[in-house]
Structure formats: structure tokens, C-alpha cells
Amino acid sequence: MYVPAHFAADAATVRKLLHRPQAADLVTMTDEGMLATFLPFLFDPDDGEHGVLRGHVARNNDQWRRPPVGEALVIVHGPDAYITPTWYASKAEHGRVVPTWNYLTAHVYGELRTHEDPAWLDALVRRLTDLHESREPAPWSVDDAPSAFVAGQLRAIVGVEVVISRIEAKVKMSQNRPAADIDGVVAGLDARGDAPMSTAVRAARPV
């Protein structure tokens, strides 16, 4: 990933991004070409030197069966948005401005491992379910479904985990713009109703 020094994400930003309930892209290079799957992950920061990402794929998805050539890659997405130069104070001053895109992303590399043990899978899906259902007004539980049905669903998936070896992360949130331009970006995002991006730009603002 191309990461200019002023867009490099610090460790706290990366950790917050990986803990965020979301799905990400699992990408592997195999002898038969590249494969990718979009799937929800759990981040376990205290497992191994750099942590582990855990998720599951459908058993019929061939990606888990094809050994990766080298490391696996998980592309984790944070908030992103188009930034119009009309928001910049610099536009009125000299006009030397262009559109851009603000975003937060992490490229997580590591060893891909697979799991077919029902107990391992059961623990994973319960953690994933609890994480995402915690935001619901009436959270659903795995135990709300018949046990035989759940057992059948577990047989239809395979667990995957990426033992993290390194992380490259970039937070591009207008930090390279003058203060007045950043003010304009925040105001523009607020007017657009994009609270997550407005918050992210404020958080990344140079002190």
C-alpha cells in the first residue's frame, strides 16, 4: 500500500478499525489464480504477536480448499467519502484545487488457517452473532434456533483465520489541507449528513 508519512495510521487507529463490527475482503493467491471473499471477521488482538482475524466461509466456497501461495490478505474498510473542492476555502483564494477521496483502510497480511471442528465453529458464530446482535433492540441468539438446525448450518461452513504477520494502514482524512480547508470539509460532510466521515476527519485533524 502506498502510504505517505502524513497519511500513516497510528496503532490506536488501526486497533479501533479492526475491532469495528464489519465485514472485510479475504484475498488469496493460489496456483489457479486470485480468489476473494467478503465476510465478517472478529479481531483477537491478544492471540499471537499481532493478533488474529477469524471468520467463516461457505463449505462450497473453494477458496478455503485452495492453499494460498504466500500470505493471505484481508482488506479492512473504514469510512470513506468523495470530497468536492467546492468545500475548500482555497478554491476562492487561488483555485488550485481538485477533487479527492477520503478513506480509512488497512491491509492485513498473515498465514491462512482453516477449521472444520464443530465446537470451534459454534464458538465463533456465537461470538459473531453476539457482537452484531448487541446493537439490535431485541437481540437474536443462536439458541433461538433449533439445535438440530444449528448443527446442520455449522456443517455447511468452514472456519478461517488469518494469523497476522504485518499490517499496512492508511488514514487519508484531509490532514494535508490547510486548516480552513479542513473546516470546509467538516462542514460539507455535516451538511451531507455523513456523520461517520465528519467524525473521522475531526479525529485525524493535525493538532
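Does Thr129 count as buried or exposed, and at what relative accessibility? I will come back to that after a short tour. Please keep in mind that this model is predicted.

Start with the overall layout. The protein has 6 helices and 7 strands. Reading from the N terminus, the order is α-β-β-β-β-β-α-β-α-α-β-α-α. The C-alpha atoms fill a box of roughly 65 × 45 × 30 Å along the principal axes.

Next, the contacts. Take those between residues at least 6 apart in sequence: 74% of them join residues at least 24 apart.

Now the surface. The protein exposes about 11,200 Å², and carbon and sulfur atoms supply 56% of that area. On the charged side chains, 21 are positive and 27 are negative. The centres of these two sets lie 6 Å apart. As for the interior, 42% of the 207 residues count as buried.

That brings us back to Thr129. This residue sits in helix α3, which covers residues 118–133. Its relative accessibility is 16%, and the cut-off for buried is under 20%, so Thr129 counts as buried. Which residues does Thr129 touch, leaving aside its neighbours within four places in sequence? They are Trp140 and Val142.

On to the empty spaces. Rolling a probe the size of a water molecule over the atoms shows where such space is left. I will take the pocket, then the cavity.

The largest pocket has a volume of about 470 Å³. In total, 19 residues line the largest pocket. Those that lie nearest its centre are Thr13, Lys16, Leu104, Ala200 and Ala203. If you have the structure open, these five names are a way to find the place.

How many cavities of 30 Å³ or more are there? The count comes to 1. The largest cavity has a volume of about 50 Å³. Its lining consists of Leu18, Arg20, Gln22, Ala24, Phe41, Leu53, Val74 and Val76.

To recap, Thr129 in helix α3 is buried at 16% relative accessibility.

Definitions and conventions
Residues are numbered from 1 along each chain as its sequence is written. This is a predicted model: local features need pLDDT of at least 70, side-chain atom pairs count only at pLDDT 80 or more; totals for chains, interfaces and linings use all residues. Side-chain values use heavy atoms; hydrogens and water are left out. Helices (H or I, at least four residues) and strands (E, at least two) are DSSP runs, numbered from the N terminus. Buried means under 20% relative accessible area, exposed over 50%, partly exposed in between (1.4 Å probe, protein chains only). Contact means heavy atoms within 4.5 Å. Accessible areas come from the Shrake-Rupley method with a 1.4 Å probe; for residues, only the protein chains shown count as cover. Lys and Arg count as positive and Asp and Glu as negative; His and the chain ends are not counted. The place of a charge is taken as NZ of Lys, CZ of Arg, CG of Asp or CD of Glu. On a 1 Å grid over the protein atoms alone, a cavity is a set of points where a 1.4 Å probe fits but cannot get out, and a pocket is an open set with protein on both sides within 12 Å along at least five of seven lines; lining residues have an atom within 4 Å of a point. Grid points are joined across faces, edges and corners, and a volume is the space filled by probe spheres set on the points.
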